[in-house]
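Student: I would like to go through the terms used for this structure and see what each one rests on.

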Amino acid sequence: MNGISVDINHLKKGEVNLGTSIMAVKFKDGVILGADSRTTTGSYIANRVTDKLTQIHDTIYCCRSGSAADTQAVADMVKYYLQIYASQLPFDEKPTTEVAANVFQEICYNNKDNLSAGIICAGYDSKNKGSVYSIPIGGSIHKQDYAIAGSGSTFIYGWCNENFKQEMEQDECVAFIKTALSEAIKWDGSSGGLIRMVILTEKGVERKVFYPEDYQK
Amino acid sequence: MSLRIVPENNKTSSVNTTTFGQAAEHAPGLQDILRTQEGPLNMASKLNNRHPLEARIANWEQTQHDTRLETYRRVFGAGEPIKRTMELEIVDATDFKPSVLGGPDSMHRDILMNKDTTVDWEDVYKGGFESGINVKDFHTEMERKVGI
């Protein structure tokens with residue numbers, strides 16, 4: 001056996017692929033999620049302005065990678081679950097990111113034979129502040145300070161490891177994600193388009209978009 | 001109980017002559033072909049050359065329903081799915097109209113399943129394969145219901 005064999009046919013025939021670069025980073029006031037915006041079917045770019053950052057609850061979002069259909073179905077299911085869960089919480093209490101991430105994990109694990117979904121679930125809640133959970137294909141769950149995933153993430157492991165700092169300020173963290181995703185997009189053919197970001201803090205949700213002329217060096 | 005969103009692909013690993021139909025009282029090893037009016041049972045046609053998605057689509061509604069009930073169980077407690085299942089079973093047990101006269105009215109079931117405001121193909125082609133000319137005759141149905 002020479003080298004590492006990679007199964008590039010892991011998507012079911014004809015499926016739309018979120019070959020992608022996604023990441024989520026915990027910073028001083030909360031979390032920031034970032035993603036590129038390219039969806040491909042083979043080498044055809046089906047959508048160049050995709051929004052891969054999906055809302056699960058008020059201040060809980062997820063980044064989706066893998067099969068577009070699978071991740072949309074799972075995210076819908078988790079959103080539904082959290083709505084019901086939130087309805088029976090006391091008045092001013094909100095669901096924690098931990099609950100959302102564990103529902104993701106359970107669905108991904110129990111349906112692992114039919115799904116190819118890699119998800120990063122991150123959010124802000126008042127009890128735990130910002131938290132980031134990575135749920136790769138297979139359905140394991142990993143709580144981390146920052147998480148990167150998708151096909152483009154393989155090229156930025158080293159850079160992220162060197163440049164990540166705990167308790168960054170918001171501007172620092174935005175710059176960190178922008179540079180990381182810009183590098184991932186540079187090297188990965190299935191990532192490209194815009195860099196979308198979602199900033200989740202005590203104040204709520206803020207969305208940012210960066211166009212290629214802003215992030216390309 | 002787990003949260004399944006993809007239905008099982010129910011490929012049976014073994015079949016016998018009574019898997020695809022009710023056994024006849026006079027010949028317990030075989031399907032009752034006089035009752036079904038379909039002629040001798042062709043098991044090959046029920047096993048081979050099936051579309052790969054057929055089992056998935058056939059089990060879709062049931063899987064989604066089960067996952068929803070499991071969600072309610074997690075959030076609200078065991079009583080919630082038990083109550084909902086009880087209500088559906090009450091409707092099945094009490095709504096009786098023979099299939100030869102059109103089968104039971106689906107109003108109560110629709111309201112419980114939250115389908116009373118939608119129209120789907122299942123409302124046009126009611127009953128699937130067991131409708132139209134393929135209805136169970138009145139006596140078979142009554143015997144089954146009463147438990148003879």
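Tutor: We take one residue and then the interface, bearing in mind that the model is predicted.

Student: Where is A:D188 found?

Tutor: A:D188 sits in the loop of chain A between α4 (170-187) and β12 (195-201).

Student: Why is A:D188 said to have no salt bridge?

Tutor: The nearest side chain of opposite charge, A:R38, is 7.8 Å away. A salt bridge requires a nitrogen within 4 Å of a carboxyl oxygen, so A:D188, although buried, has none.

Student: What makes the pair A:D188 and A:S151 a polar contact?

Tutor: Their side chains are joined at 2.8 Å. The cut-off is within 3.5 Å, so the pair qualifies. A:S151 is also among the residues in contact with A:D188 beyond four places in sequence, along with A:T20, A:S21, A:G152 and A:F155.

Student: Why is the pair A:D113 and B:R4 called a salt bridge?

Tutor: The N to O distance between the side chains is 3.7 Å. The limit is within 4 Å, so the pair counts. The count between chain A and chain B is two salt bridges.

Student: Which elements give two or more residues to the side of chain A that touches chain B?

Tutor: They are α1 (68-87) and α2 (97-110) of chain A. α1(A) gives the most, with seven residues. By class, that side has nine nonpolar, five polar and two charged residues.

Student: How much area do chain A and chain B bury between them?

Tutor: About 1,300 Å², with 63% of it on carbon and sulfur atoms.

Methods:
Residues are numbered from 1 along each chain as its sequence is written. Chains are lettered from A and ligands numbered from 1 in the order in which they are written. This is a predicted model: local features need pLDDT of at least 70, side-chain atom pairs count only at pLDDT 80 or more; totals for chains, interfaces and linings use all residues. Side-chain values use heavy atoms; hydrogens and water are left out. Helices (H or I, at least four residues) and strands (E, at least two) are DSSP runs, numbered from the N terminus. Buried means under 20% relative accessible area, exposed over 50%, partly exposed in between (1.4 Å probe, protein chains only). Lys and Arg count as positive and Asp and Glu as negative; His and the chain ends are not counted. A polar contact is a pair of N or O atoms within 3.5 Å; within protein, one must be able to donate a hydrogen and the other to accept it, and residues adjacent in sequence count only if both atoms are side-chain atoms. Contact means heavy atoms within 4.5 Å. Buried area is the accessible area (1.4 Å probe) that two parts lose on being put together, summed over both. Ala, Val, Leu, Ile, Met, Phe, Trp, Tyr, Cys and Pro count as nonpolar, Asp, Glu, Lys and Arg as charged, and the others, Gly among them, as polar.
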